[in-house]
Amino acid sequence: MDEAAKGIGEETHKKLAIDLFNRVWELLDKADRTVEEEDDMVHAAHASRYHWGKVGTPLEFERGEWQISRVYSVLNRPEAALHHANRCLEICEENGIGDFDLAFAYEAHARAHAAAGNESKSQEFIALAEKAAEAIEDEGNREYTLGELAGVKGML
């Protein structure tokens, strides 16, 4: 653990990571966010990923990167969204993470490209996500993934 994180125990890092992750979802689900809430959403997503970086596994790392990408896509900041979508996919590939998480790594790319107005790249990643979704074992997770991809298609 680095010097800045030494004073915080593992359980505290984990609790903060989870609480901040959940806070980001509350803000993502909110219809009318203020500018301050949008700023809080960005900061909370990064803070959650920071804390997971201290106590998590590659699974939490890539999910944190995915959430950050989602936040930036929702806020129409495609450059940052693409950066974190790339990190998410890299972590999946480097660690053999597949199933639901791999499909959502592709979804992050599709959403970020849609936010950037790059329809052809978005379609390319939608196709990759749909193919990955076919391999998702849990039917509920597969349906959820396909629903999210339909939302990305609606952005195009």
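The lining of the largest pocket comprises eight nonpolar, one polar and four charged residues; here Ala, Val, Leu, Ile, Met, Phe, Trp, Tyr, Cys and Pro count as nonpolar, Asp, Glu, Lys and Arg as charged, and the others, Gly among them, as polar. The model is predicted, so that local features require a pLDDT of at least 70 and side-chain atom pairs a pLDDT of 80 or more, while totals for chains, interfaces and linings use all residues. Residues are numbered from 1 along each chain as its sequence is written, and side-chain values use heavy atoms, with hydrogens and water left out.

The space in the largest pocket amounts to about 290 Å³. Of its 13 lining residues, Phe21, Arg63, Trp66, Phe100 and Asp101 are the closest to the centre. Helix H1 (10-29), helix H3 (58-74) and helix H5 (99-115) are the elements that each give two or more residues to this lining, and H3 gives the most, with six residues. Helices are DSSP runs (H or I, at least four residues), numbered from the N terminus. A pocket is an open set of points on a 1 Å grid over the protein atoms alone, where a 1.4 Å probe fits, with protein on both sides within 12 Å along at least five of seven lines; lining residues have an atom within 4 Å of a point.

Aromatic residues form five pairs in the structure. Rings of Phe, Tyr and Trp (its six-membered ring) pair if their centres lie within 6.5 Å, and planes under 30 degrees apart count as stacked, over 60 as edge-to-face and the rest as tilted. Tyr106 and Phe125 form a tilted pair, with 6.4 Å from centre to centre and 35° between the planes. Because Tyr106 lies in helix H5 and Phe125 in helix H6 (residues 119-134), this pair ties together parts that are 19 residues apart in sequence. Both Tyr106 and Phe125 are buried (under 20% relative accessible area, with exposed over 50% and partly exposed in between; 1.4 Å probe, protein chains only). One aromatic cluster is formed by Trp25, Trp66, Phe100, Phe104 and Tyr144.

Glu37 belongs to helix H2 (residues 35-55) and counts as buried because its relative accessibility is 15%. A polar atom of the Glu37 side chain lies 2.8 Å from the backbone nitrogen of Thr34. Apart from neighbours within four places in sequence, Glu37 is in contact (heavy atoms within 4.5 Å) with Leu27, Lys30 and Asp32.

Asn76, in the loop between H3 and helix H4 (78-95), has a positive phi of about 60° although it is not a glycine. Asp99, in helix H5, likewise has a positive phi, near 55°.

Technical notes
Points joined across faces, edges and corners; volume = space filled by probe spheres on them. Polar contact = N/O pair within 3.5 Å; in protein donor to acceptor, adjacent residues only side chain to side chain.
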